[in-house]
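Colleague: I'd like to go through the charged side chains here. Can you show me the model first?

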Amino acid sequence: MTYAEDGKPQADLAASLVNGFLTEQDARAVADQYPDTYGSIVLWIREAADAGDWTRVGKFTNLAAPLRAAGLDAVVQGILDSGAPGCNAEDLVEILGGGGGSAVACLFRVAERSVSEDAPAYWLCQKVIASLGEIGAPQALECLRRMTASSWPDVVRWHAAVELEIEEELGFDEDRMLA
């Protein structure tokens, strides 16, 4: 681990500068101030997750996402697949939406796992739907299509159909679906 002049780990110093969403410019400013960030951010996320420090995971993922840190998708998928209680799954799902098609299977597993406890608004499922739509790869669109099936709750089915722009084609009545 690299330390700053005052003897504090760069990870701690970088984390202290992150409070919520960062633009790419903000993230680069933090990483430029603490250069170890570029090569170590994914390791810092993994270490924080292993320690169950979800606040720190959130700070580091918010820093890593606009930096497009190599390995970020894999570590975020690992956290989501672990089903770790306490992690901010909604933010992690949103981060994966900015990535590539490798996250599709993980995102769908998150939706399948969370649907029974996500009622009544299904916020996490809605984040998954938005992320799958943002990815837009054929396998993502197929997952969205599967989420329009009658085995899914009406609210989820509606949002998936809207993301696919097929709600009318499927004959969905918005008032009934969102009641």
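Colleague: Is Arg109 buried, partly exposed or exposed?
Modeller: This is a predicted model. Arg109 has a relative accessibility of 34%. Buried needs under 20% and exposed over 50%, so Arg109 counts as partly exposed.

Colleague: Which residue forms a salt bridge with Arg109?
Modeller: The closest N and O atoms of the pair are 2.7 Å apart. The partner lies in helix H5 and Arg109 in helix H7, so the bridge ties together parts 28 residues apart in sequence. The partner is Asp81.

Colleague: Which residues are linked with Glu24 in a network of salt bridges?
Modeller: Glu24 pairs with Arg28, with the closest N and O atoms 3.3 Å apart. The two are four residues apart in helix H2, so about one helical turn separates them. Glu24 also bridges to Arg68, again with 3.3 Å between the closest N and O atoms. The network links Glu24 with Arg28 and Arg68.

Colleague: Where does Arg68 lie?
Modeller: Glu24 forms a salt bridge with Arg68. That pair links distant parts of the chain, 44 residues apart. Glu24 is in helix H2, while Arg68 is in the loop between helix H4 and helix H5.

Colleague: Which side chain of opposite charge is nearest to Asp118?
Modeller: Asp118 sits in the loop between helix H7 and helix H8. Asp118 is buried yet has no salt bridge. Its side chain does reach the backbone nitrogen of Trp123, at 3.4 Å. The nearest side chain of opposite charge is 11 Å away: Lys127.

Key: Residues numbered from 1 in each chain as written. Predicted model: local features only at pLDDT ≥ 70, side-chain atom pairs only at ≥ 80, totals over all residues. Heavy atoms only, no water. Buried < 20%, exposed > 50% of the residue type's maximum accessible area, 1.4 Å probe, protein only. Lys, Arg positive; Asp, Glu negative; His and termini not counted. Salt bridge = Lys/Arg side-chain N within 4 Å of Asp/Glu carboxyl O. Polar contact = N/O pair within 3.5 Å; in protein donor to acceptor, adjacent residues only side chain to side chain.
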